[in-house]
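This report describes the overall build of one protein chain and then turns to selected residues. Please keep the sequence and the structure in view while reading.

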Amino acid sequence: MIFSILPIEQIFKKEDMEDVREDLFKFLNNYEYKVRNNSIIDNEIDRWLSLYAINVFKNILSKENEKLAGFSTLEILLKYYNDEIEVSDAFIEEFKHLFLAIKGEAKFSEGFLGEKLKNKGVKFIDFEKLKGREAGKARSDFLDEVYIIMKEYINKYPSGLDKEIIQKREENKKKILELFDANEDDWLNYKWHFKNVIKGKKGLKILEEMREEIGLKLSDEELENIKLAIENDIPFAITPYYLHLFDFEGKEDLPIRVQVIPPKHYVLEMIKNKDKRDIVFDFMGEHDTTPEELITRRYVTIAIIKPFESCPQICVYCQRNWLVKDFSKSAFVGWEKIEKALEWFANHESMLEILITGGDPFSLPDKCIERILNRIKDMEHVIGVRFGTRSILTVPMRITNSLVEILKEFKEEKSLIVVTHAESCYEITPYVKKAIDALGDIKVYNQHVFHRYVSRRFENVALRIALKKVGIIPYYSFYPKGKYEHKDYLIPIARICQEVKEEARLLPGSFRTDEPIFNVPKLGKVHLRSFQDRELIAIKENGARVYLFHPWEKGIYPTKSYVYEDVPILDYLKRMEEIGENINDYRTIWYYY
């Protein structure tokens, strides 16, 4: 039983919960004193973790935090101890690992690579006992052994820049062009891709034909989910270009498929809330942060304008799934609304930067983009523009010479950058590199949505390496929006924190420039790198951690915190096991609070 890990079982035998709470605090305070002063934990890393875990347990026992969470974890523990309720395995695992950490027996100090290195016969050397060249060589040899293991992980993820993948996709392209009765010139023309976006009943028929005639592996369930989405007017779209990125045999393309093929849960939730999706699915509270139609403002010196409410390819886990329309001319919001929104920016000198997003603003014709930029040129207080687009990855042919000229002409007077969403190294192709090269000195940054299907060990490392090869700068790694309809894509916050410390840290500094971010509804981005920006305040019966997020405004002016219920770690690990992962590789995840 978990209560035997620490000497606290006698405490839980008391009948009054407040007596239990008081005695637990006394125990933890006394134990903390012993850890700090009596050398009861030898290793300094395990000692640090013990002190951290003690504070986490105190946080969970706090009556004030119980008010914020809306329930008492201590009450759940007491009832579980007295066999009054059943709790999930995920709940038990949380406290088992918390208590092991407090006791100093989590073996965190060994690191997740420690056992692998030991099994390879790599000896751990106290480098402080060596000097000079001998020390340098010994450490270098050790780091080479670490890289060998690191490379084994990275090599699990094929890149769109690999020769064999490029060749395979050339064959895919030929099959698609033949099916569409098109040629190479069509393929290089983004307007052809826009015109032939695979959507609606016609798109479903095309996918069915591709399965039957050219061997595109699509399961009955995948086709059924697409059909159900289309029949219920749930936006679905894939560009021919992005379709050619699929592994037609269905072996290597998991990150690609999950971008566009909706899971059953998502479709059913979208159908269930079809008539109120603009309210139910507005996780970021854009309705309440819109001072003028098309505008979202959460920060002091930047706001968003959304002139086009769709994308040539629609990502299943889009945060604006409540807004996204079918990809067509009707997704253009109209000049009257755009002009009114631009006038708002003109009248607000606090706006140093404008983020043009949507939908995908590069879905607009060049003349529309030029007209918007020309209007912004006249705003003296606006220093620059940021475009948010996935066209670079879903139809890179959109980066034409004429578009680049428009962007560069604007850049001569003001700042201009482009931000995209690359999710996997499998998406990075020679076509993407060509688009980046065409943009020249216009910098392109990446905002990675770190969802479940791209959260495997070193998968984001492989992505960062591919991004650097084509000239894209890692910018953010986003915790996916905690939307219930996206539950298949969610990860525990601990996983992204683990990735930053245990995987990204092995890359050069210029490769790991992305910051891990959690988006607080209505308020905006909070950094996950800094534990002082969040507190673990409770654990639910199902094993879900409950966090209190401190908004970015903390320390600037009065604000409120935000309570968030996370994904149970054990549930996540089981789902990772389903897609072939060894969950022992993730054993340290429990200790990222």
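Helices (H or I, at least four residues) and strands (E, at least two) are DSSP runs, numbered from the N terminus. The structure examined here is a predicted model. Its chain contains 25 helices and 12 strands.

**The chain as a whole**

For 593 residues, a compact globule would have a radius of gyration near 25 Å, and the chain agrees with this at 26 Å. Along the principal axes, the C-alpha trace spans about 75 × 55 × 50 Å. Of the 593 residues, 57% are buried. Among contacts with a separation of 6 or more, 76% are made by residues 24 or more positions apart. The accessible surface comes to about 26500 Å², and carbon and sulfur atoms provide 48% of that area. The chain carries 92 positive and 100 negative charges, whose mean positions are 2 Å apart.

Leucine 188 belongs to the loop between helix H10 (184-187) and helix H11 (190-195). Is this residue buried, partly exposed or exposed? Its relative accessibility is 43%, so leucine 188 counts as partly exposed. When residues up to four places away in sequence are set aside, leucine 188 touches Met397 and Tyr431. Aspartate 42 is 146 residues from leucine 188 along the chain, and the C-alpha atoms of these two residues are separated by 63 Å.

**Backbone features in loops**

Two residues other than glycine have a positive phi value, as listed below.

Glycine 359 lies in the loop between strand E3 (353-358) and helix H19 (366-377).

**Cysteines**

A disulfide requires a pair of cysteine sulfur atoms within 2.5 Å. By this rule, the count of disulfides is zero. Cysteine 368 takes part in no disulfide, and the nearest cysteine sulfur, that of cysteine 311, is 16 Å away. Cysteine 368 has a relative accessibility of 14% and so counts as buried. Cysteine 497 also counts as buried, because its relative accessibility is 9%.

Terms used: Residues are numbered from 1 along each chain as its sequence is written. This is a predicted model: local features need pLDDT of at least 70, side-chain atom pairs count only at pLDDT 80 or more; totals for chains, interfaces and linings use all residues. Side-chain values use heavy atoms; hydrogens and water are left out. Buried means under 20% relative accessible area, exposed over 50%, partly exposed in between (1.4 Å probe, protein chains only). Contact means heavy atoms within 4.5 Å. The radius of gyration is taken over C-alpha atoms; the globule rule is 2.2 Å times the number of residues to the power 0.38. Accessible areas come from the Shrake-Rupley method with a 1.4 Å probe; for residues, only the protein chains shown count as cover. Lys and Arg count as positive and Asp and Glu as negative; His and the chain ends are not counted. The place of a charge is taken as NZ of Lys, CZ of Arg, CG of Asp or CD of Glu.
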